[in-house]
Amino acid sequence: MQRLNNTANDPPTAIQALLDDQLRRTSLLTQLAIEFRETLDQTTVIGQTLRAVTMHLMADGVSIIVVRPDLTPDLAFSMADGVVQPMPEALADAVIAKGLAGWVIRHGSSVALSDVARDRRWLQFSELHRVGSVIVLPIRQASATLGALTVHRAVPYGFSSHDLILLEGVAAQIGVALSAARQQASERQRRDQAMALLQMSQYLSAERSPAELAGMIQEKSVSVFGARCGLLFLIEERAGQPTLRAVLPNEPLPIDRALVEHAGGAARIAWTGNRILTTAPGPDLTGVALPLVHQGRAIGAFVLIHAGTSGFSATIWSLLTIFTHVLAAACANMDLVRRLTAQKRLLEELVAQRTQQLSHSRDALRVVFDSLPDGIVLLDATEHLVAANRIFCDEIVGIPPPEVVGQSYSAVWQLLERSGAVRVQLDDSDQPRRQRLVVQLHTTNGARTYQVERMALLGEGAQIEQYLEYWHQISQMD
């Protein structure tokens, strides 16, 4: 408005041009504010900014580079031929390392060049970049520099102070939008990582083979921690000595054998020393070996191999700690199941052997039991027949053993009474747990006299559990 007051005497065309220019600048900021409310995706925010700045400022080239905390390029896009295109990785690296955008990111200050040919920080990658003017602004949020916005025009002195102020507002809006997008992406990543760990714990609750466990570790190392490879090493007994061996999945690993051997050396140090070890297994690779400890005993090691030389964030380290604890418990359970399975197999073989021996022994005892000259009956505490030999069943009762066993003692006496006359005489015994009877049986086959002796068998607590009864024949009359 002050500019309008100072130009009150200007020609109408100049006032109209100034109004149009201010309207164009206001519409740019308004458009970005509306579009940024509709998305929290970093790539979408960058694309909306490139298109809006190109259209409203009639720029010949616009680019945005977003960097990671270590100042390496994370996202890099430029506007070319009216289309948003990803910037080549080599070009983005060169701009950050030697170019004007890298200088702005490192120093956190805006740069406006009226003539790019006079500043050696401006990298000339094509004929288009040899001349012109440029404004490069840091994209900031709070005290952090997220990246840089570069706007180029092919003519020298192509920007005014108003353009610089406008682009500073644009850069501020981008910083807020990118920060919100990063926050949401971080929250989504943490949620996905927590769900992945939960799924992993559920997966490990079932019995798994070592190869299946190694395959799951490789999958989670890539999806949860962004690593290139995750390797499992477990101890095994060889010649009475514990040694560490690699447990590999069925699927081929994305690294060569030399890296596996290097990881094995780091795992051995982490296992024996019970400490975390960081190594460099190859160019632009970092290896982290962590001991697997269960109930105070190191049972193996877990090695992560990831690209780059930077470490993990505090959140990743926290997840990695939980991951190793769950993994250690799963490996211990797997080893326990393996030992229990071996013991179960050995026990089954022993039981089968003992059962066979017992069967042979029972067969021999049954032959002896049936060959005795006296009738023998075994009753339980309720006086039901548990066992009876053939002499008692065939010669005394007169029915097969399967029909006798299980009958009550009184039912057996009823069978005897139905077969003929029965006379019973009590024979006093001087032993308290023994009872003697003299039983005379008169059947169609003649008369026989038996001396019946019963002995009570005591169990725990001096309670009667069974009775053993002998039927000894003392006379016979045809």
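Q: What makes S8 and S9 the edges of the sheet?
A: In this predicted model, five strands form an open sheet whose order is S8-S7-S11-S10-S9, with antiparallel pairing. Strand S8 (241-247) and S9 each have a single partner strand, so one side of each is left without a neighbour in the sheet, and both therefore stand at the edges. Direction ignored, neighbouring strands of this sheet are turned against each other by 25 degrees on average.

Q: How do you know that S7 and S8 are paired?
A: Pairing requires at least two bridges between two strands, and seven bridges join strand S7 (residues 229-238) to S8, the two running antiparallel. One of the residues involved is Glu237, whose bridge partner in S8 is Pro242.

Q: Why is H7 called roughly antiparallel to H9?
A: The two helices pack at an angle of about 170 degrees, with their axes 11 Å apart. Angles over 145 degrees count as roughly antiparallel, so H7 is given that description relative to H9. On the side of H7, the residues in this contact are Pro210, Leu213, Ile217 and Lys220, and they meet Phe323, Leu327, Cys331 and Met334 in H9. By class, the contact of H7 with H9 has seven nonpolar residues, no polar ones and one charged residue.

Q: Why is His306 called buried?
A: His306, which is located in strand S11, has a relative accessibility of 5%. Since buried means under 20% relative accessible area, His306 counts as buried. Leaving aside residues up to four places away in sequence, His306 touches Gly226, Ala227, Arg228, Asp284, Leu285, Thr286, Val288 and Phe312.

Q: What makes Ala246 partly exposed?
A: Ala246 is a residue of strand S8, and its relative accessible area is 28%. Among residues beyond four places away in sequence, Ala246 touches Leu232 and Phe233. The C-alpha atoms of Ala246 and Ala263, which are 17 residues apart along the chain, are separated by 9.3 Å.

Q: Why are H4 and H5 called oblique to each other?
A: Helix H4 (residues 89-98) packs against helix H5 (residues 100-107) at an angle of about 55 degrees, and their axes are 5 Å apart. Roughly parallel would need an angle under 35 degrees and roughly perpendicular one from 65 to 115, so H4 and H5 are classed as oblique. The crossing of H4 and H5 is right-handed. In this contact Val95, Ile96, Ala97 and Lys98 of H4 meet Leu100, Ala101, Gly102, Ile105 and Arg106 of H5. By class, the contact has six nonpolar, one polar and two charged residues.

Q: Which residues of H5 are buried, and what covers them?
A: Leu100, Ala101, Gly102, Val104 and Ile105 are the buried residues of H5. Their cover includes strand S1 (61-67), H4, strand S4 (111-113), strand S5 (133-141) and strand S6 (144-153). H5 is followed by Gly108, which has a positive phi near 70 degrees.

Q: What makes the phi of Asn274 and of Glu383 worth a remark?
A: Most residues other than glycine have a negative phi. Asn274, although not a glycine, has a positive phi of about 50 degrees, and Glu383 likewise has a positive phi, near 60 degrees. Asn274 is placed in the loop between helix H8 (257-273) and strand S9 (277-279), whereas Glu383 is placed in the loop between strand S12 (375-380) and strand S13 (385-388).

Q: Why do Asn274 and Glu383 count as partly exposed?
A: The label covers values between 20% and 50% relative accessible area. Asn274 has 46% and is therefore partly exposed, and Glu383, at 29%, is also counted as partly exposed.

Technical notes: Residues numbered from 1 in each chain as written. Predicted model: local features only at pLDDT ≥ 70, side-chain atom pairs only at ≥ 80, totals over all residues. Heavy atoms only, no water. Axes fitted to C-alpha atoms, helices over the stretch in contact; angles between N-to-C directions. Helix = DSSP H or I, 4+ residues; strand = E, 2+ residues; numbered from the N terminus. Left-handed = near helix turned anticlockwise from the far one by under 90°. Contact = heavy atoms within 4.5 Å. Nonpolar A, V, L, I, M, F, W, Y, C, P; charged D, E, K, R; others polar. Buried < 20%, exposed > 50% of the residue type's maximum accessible area, 1.4 Å probe, protein only.
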